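Keep the sequence and the 3D view open while reading.

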Amino acid sequence: MSTDGLIVVDKPGGMTSHDVVARIRRLARTRRVGHGGTLDPMATGVLVIGVGRATRLLTYVIGAGKSYTATIRLGQATVTDDAEGDVIASTPAGAVTDEAVRTALAALTGEIDQVPSAVSAIKIDGQRAYKRVREGESVELPARRVTISRLDVLAIRRDTPDVVDVDVDVTCSSGTYIRAIARDAGLALGVGGHLTALRRTAVGGFTLAEAATLDTLEQRAPDVVNLPLDTAAGRFFPRRDATPEEARVLSHGGPLDPAGIAGPYAVFGPDGGLIAIVSERDGRARAEIVLAPA
């Protein structure tokens with residue numbers, strides 16, 4: 001049985017996030033495995049996997065900020081807003097200037113209202129949007145407020161006639177769709193756009209530098225967890241150290257006096273073990289989840 005903790009996986013292309021979870025379940029020899037934020041099959045890069053009790057941390061991982069490198073192709077729109085879908089419109093983009101490209105992308109930075117891709121995993125009346133699209137329905141999703149804190153243009157390439165490929169580096173809030181950026185830039189420029197490559201480089205403080213490939217994890221199995229629960233929580237959350245009495249109260253779900261730490265934060269016992277994830281409200285520090293072993 002693998003230890004409780006997180007694994008930072010470098011997801012390969014061509015696999016769903018659920019495929020990766022299934023592989024880790026086999027390697028870690030436990031069913032209690034989940035992921036912290038879906039990557040499309042086409043996408044590669046950082047996929048945070050939780051094993052055992054650490055699966056309870058994944059709700060916080062999902063909400064963390066993320067960074068990506070991506071390639072936007074201007075001049076073609078697809079049904080999925082990425083290269084996995086059929087091209088539904090082509091408009092020669094050769095006359096689009098570099099300045100116009102940079103201006104269109106700059107307008108998509110900051111706090112914006114973004115309409116998710118129609119083939120996203122968002123549920124409509126209990127069914128995933130992408131399933132409705134595949135069944136022939138026309139799907140319109142409401143815009144959601146997202147923050148794109150950084151959108152750097154790395155290169156503008158004109159290697160193929162009538163299309164312009166733009167390499168970008170993006171840091172954004174949870175819930176942002178990079179292929180929606182490609183779609184919206186193409187719409188603004190009047191030539192259509194879609195994503196041809198996507199690589200997630202960071203989730204919160206977890207980066208590609210510490211990510212392991214599935215081949216590497218195969219060789220280490222069943223010892224696949226590279227961030228044990230206590231270490232993972234210490235990396236991801238502000239830290240509070242509890243006295244023995246505070247540890248006893250908190251491990252049984254009781255409240256503590258506030259410490260003035262912006263939450264949620266991790267509380268550790270005198271032995272250095274993680275007890276709970278806590279937030280402060282109404283003058284008390286209360287556990288959101290208790291993780292101390294029973």
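The chain holds 8 helices and 18 strands; helices (H or I, at least four residues) and strands (E, at least two) are DSSP runs, numbered from the N terminus. The model is predicted, with local features needing pLDDT of at least 70 and side-chain atom pairs counting only at pLDDT 80 or more, while totals for chains, interfaces and linings use all residues. Residues are numbered from 1 along each chain as its sequence is written, and side-chain values use heavy atoms, with hydrogens and water left out.

Along its principal axes, the C-alpha trace spans about 70 × 45 × 40 Å. Of the 294 residues, 47% count as buried; buried means under 20% relative accessible area, exposed over 50%, and partly exposed in between (1.4 Å probe, protein chains only). Contact means heavy atoms within 4.5 Å. Among contacts between residues at least 6 apart in sequence, 68% join residues at least 24 apart.

**Domains**

The chain is divided into domain 1 (5-64 + 204-230), domain 2 (70-195) and domain 3 (237-290). These bounds come from an automatic or database domain assignment. The C-alpha centres of domain 1 and domain 3 are 27 Å apart, and 5 residues of domain 1 are in contact with 10 residues of domain 3. About 650 Å² is buried between domain 1 and domain 3, and carbon and sulfur atoms give 62% of this area. On the domain 1 side, Arg-56, Tyr-60 and Asp-230 lose the most area to domain 3, together 77% of what that side buries. Buried area is the accessible area (1.4 Å probe) that two parts lose on being put together, summed over both.

Strand 12 (residues 193-203) is mostly covered, with 8 of its 11 residues buried. The table lists its pairings; two strands pair if DSSP finds at least two bridges between them.

| Partner of strand 12 | Sense | Bridges |
|---|---|---|
| Strand 3 (residues 44-51) | parallel | 2 bridges |
| Strand 4 (residues 66-74) | antiparallel | 9 bridges |
| Strand 13 | antiparallel | 2 bridges |

Thr-44 stands opposite Arg-199 in strand 12, and Ser-67 stands opposite Ala-202 in strand 12. Val-203 has Phe-206 in strand 13 as its bridge partner. Strand 12 and strand 13 form a hairpin with 2 residues between them, and Gly-204 in the turn has a positive phi of about 55 degrees.

An open sheet is formed by 4 strands in the order 15-16-17-18, with mixed pairing. Strand 15 (239-241) and strand 18 (284-290) are at the edges with a single partner strand each, so one side of each has no neighbour in the sheet. From one strand to the next, the twist averages 40 degrees. Strand 17 and strand 18 pair in the antiparallel sense over 6 bridges, and the bridge partner of Ile-277 is Ile-289 in strand 18.

**Helices 7 and 8**

Helix 8 (residues 244-251) lies across strands 15, 16, 17 and 18, running at about 85 degrees to strand 17. Helix 7 lies across strand 16 and strand 17, at about 135 degrees to strand 16. Axes are lines fitted to C-alpha atoms, for helices over the stretch in contact, and angles run from 0 to 180 degrees between N-to-C directions.

Which residues of helix 7 (residues 229-236) are buried? They are Leu-229, Ala-232 and Ala-233. These residues are on the same side of helix 7 because they cover an arc of only 95 degrees around the axis, the arc being that of the directions from the helix axis to the C-beta atoms. Their cover includes strand 1 (5-11), strand 14 (227-228) and strand 17 (274-281).
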